[in-house]
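Please study the sequence and the model before working through the solutions.

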Amino acid sequence: MKKVERVTIVGGGLSGLALGLRLRRLGVDCDVWEAQGYPRHRVCGEFLSGRGRQVLAEIGVLSQLEQEGAVLGRSVAFFSERGAAGRGELPEPALCVSRYRLDAVLAEALVAEGGVLRVGQRFVGAMNVPGVVRATGREPRTEDGGWRWLGLKAHALGAELSADLEMHFHPDAYVGLCGVEGGRVNVCGLFRSRTPLSDLRQTWRDRLRGTRGSPLWERLRNVEFDETSFSAVAALPLRPGRVAAPDEVRIGDGCGMIPPVTGNGMSIALESASLAAPRLLAWSRGEVPWESVRSAVHDDWERTFGRRLQWAGALQTAVMNPFVRRLWGILFPVMPGLWRAAYFRTR
Ligand SMILES: Cc1cc2nc3c(=O)[nH]c(=O)nc-3n(C[C@H](O)[C@H](O)[C@H](O)COP(=O)(O)OP(=O)(O)OC[C@H]3O[C@@H](n4cnc5c(N)ncnc54)[C@H](O)[C@@H]3O)c2cc1C
């Protein structure tokens with residue numbers, strides 16, 4: 001019988017774990033290296049929209065997540081600092097699930113399928129060699145046009161929402177709220193600053209609550225945060241675009257990060273794993289050389305996500321612009337099709 005080559009996946013986030021699972025189902029042996037561990041809280045809006053839910057169903061973990069209380073998000077409400085700015089039904093249901101459970105469920109499924117998961121082990125070898133896939137997440141960028149981008153998240157207990165997803169837009173920040181399993185509300189914000197923010201350990205609760213008197217502040221003023229769920233991440237690369245790495249096979253954020261306002265990064269991570277799996281299967285069987293896997297994965301990514309990232313970049317710029325935000329408040333009630341168009345362009 002012909003030897004099947006082993007695949008090494010560096011990074012056990014959504015893209016790496018999903019790829020490992022796909023490969024195991026195709027009969028390919030794989031090792032997934034993860035520098036940290038499971039379960040753990042991660043900075044994420046925890047709002048999975050677009051095709052990602054379908055991928056979770058295909059790799060056999062969706063029903064478990066739903067049984068464990070993952071929430072189907074169907075409605076969305078927008079707010080500015082001053083008040084409500086519109087409300088609607090999502091064009092398709094989204095899955096609201098904590099990264100604490102999602103990553104852990106995928107990790108358990110991978111091991112159950114016979115994948116080797118090297119938890120707490122940082123891969124330090126070369127990643128531009130045959131058989132190695134980079135799924136290491138976004139590349140940090142300290143500054144973008146003079147702005148530093150920072151993500152904060154924590155679970156709130158006892159918060160009441162007016163829609164399954166609430167998006168609150170403030171000057172230099174937006175914060176998303178969605179209910180996840182266990183009756184918790186995930187509060188996740190993206191913030192920008194011209195100077196480094198050094199006092200986060202003390203100020204993260206106030207930053208997540210936003211400007212005093214705003215709808216966001218009203219929503220969160222009396223809630224208790226689960227302190228253990230607090231997480232922060234700095235040096236976010238907010239300008240979309242593909243990372244130039246022609247000598248490596250990359251998936252997920254490692255190829256380029258879609259701005260979080262779209263709630264589509266997790267889907268791209270899962271979808272890109274699905275696209276890469278058959279390419280890697282062909283290589284592992286000796287049917288194609290590694291070079292052709294590299295270029296095929298690159299082309300698949302460009303074709304599937306390139307346009308999505310461009311639209312997302314424009315949307316990200318728009319939501320941080322005070323004039324556009326004001327215009328949005330005026331246009332939303334009379335042109336509900338506008339945000340649906342933005343939704344579909346970024347899926
Ligand atoms: C503020 C914010 C809010 C967001 N909100 C949403 C949202 O609501 N919806 C949505 O769909 N997306 C959202 N995203 C995006 C989403 O979190 C990412 O797109 C997704 O996690 C990407 O998955 P990934 O597998 O590519 O990378 P990651 O999930 O980052 O995984 C990479 C993994 O690689 C590991 N690693 C790195 N280097 C090594 C190494 N050398 N050896 C071993 N392990 C290594 C890391 O420890 C990490 O676990 C948000 C992102 C941010 C920053």
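**Exercise 1: helix 1 and helix 4**

Helix 1 (residues 14–25) packs against helix 4 (residues 99–112) at an angle of about 25°, with 9 Å between their axes. The model is predicted: local features need pLDDT of at least 70, side-chain atom pairs count only at pLDDT 80 or more, and totals for chains, interfaces and linings use all residues. Residues are numbered from 1 along each chain as its sequence is written.

Task: state how helix 1 and helix 4 are oriented to each other, and which residues make the contact.

Step 1. Helix 1 and helix 4 are therefore roughly parallel (angles under 35 degrees count as such).

Step 2. Helix 1 passes helix 4 in a left-handed crossing.

Step 3. Helix 1 contributes Leu 14, Leu 17, Ala 18, Gly 20, Leu 21 and Arg 24 to the contact, and helix 4 contributes Asp 103, Leu 106, Ala 107, Ala 109 and Leu 110 (contact: C-beta atoms, placed from the backbone, within 7 Å).

Step 4. These residues divide into eight nonpolar, one polar and two charged.

**Exercise 2: helix 7 and helix 8**

Task: determine the orientation of helix 7 relative to helix 8.

Step 1. Helix 7 (residues 265–284) and helix 8 (residues 290–319) pack at about 155°, their axes 10 Å apart.

Step 2. Helix 7 is therefore roughly antiparallel to helix 8 (angles over 145 degrees).

Step 3. The crossing of helix 7 and helix 8 is right-handed.

Step 4. Among the contact residues are Ile 268, Leu 275 and Trp 283 of helix 7 and Trp 290, Val 297 and Phe 305 of helix 8.

Conventions
Axes fitted to C-alpha atoms, helices over the stretch in contact; angles between N-to-C directions. Helix = DSSP H or I, 4+ residues; strand = E, 2+ residues; numbered from the N terminus. Parallel < 35°, antiparallel > 145°, perpendicular 65-115°, else oblique. Left-handed = near helix turned anticlockwise from the far one by under 90°. Contact = placed C-beta atoms within 7 Å. Nonpolar A, V, L, I, M, F, W, Y, C, P; charged D, E, K, R; others polar.
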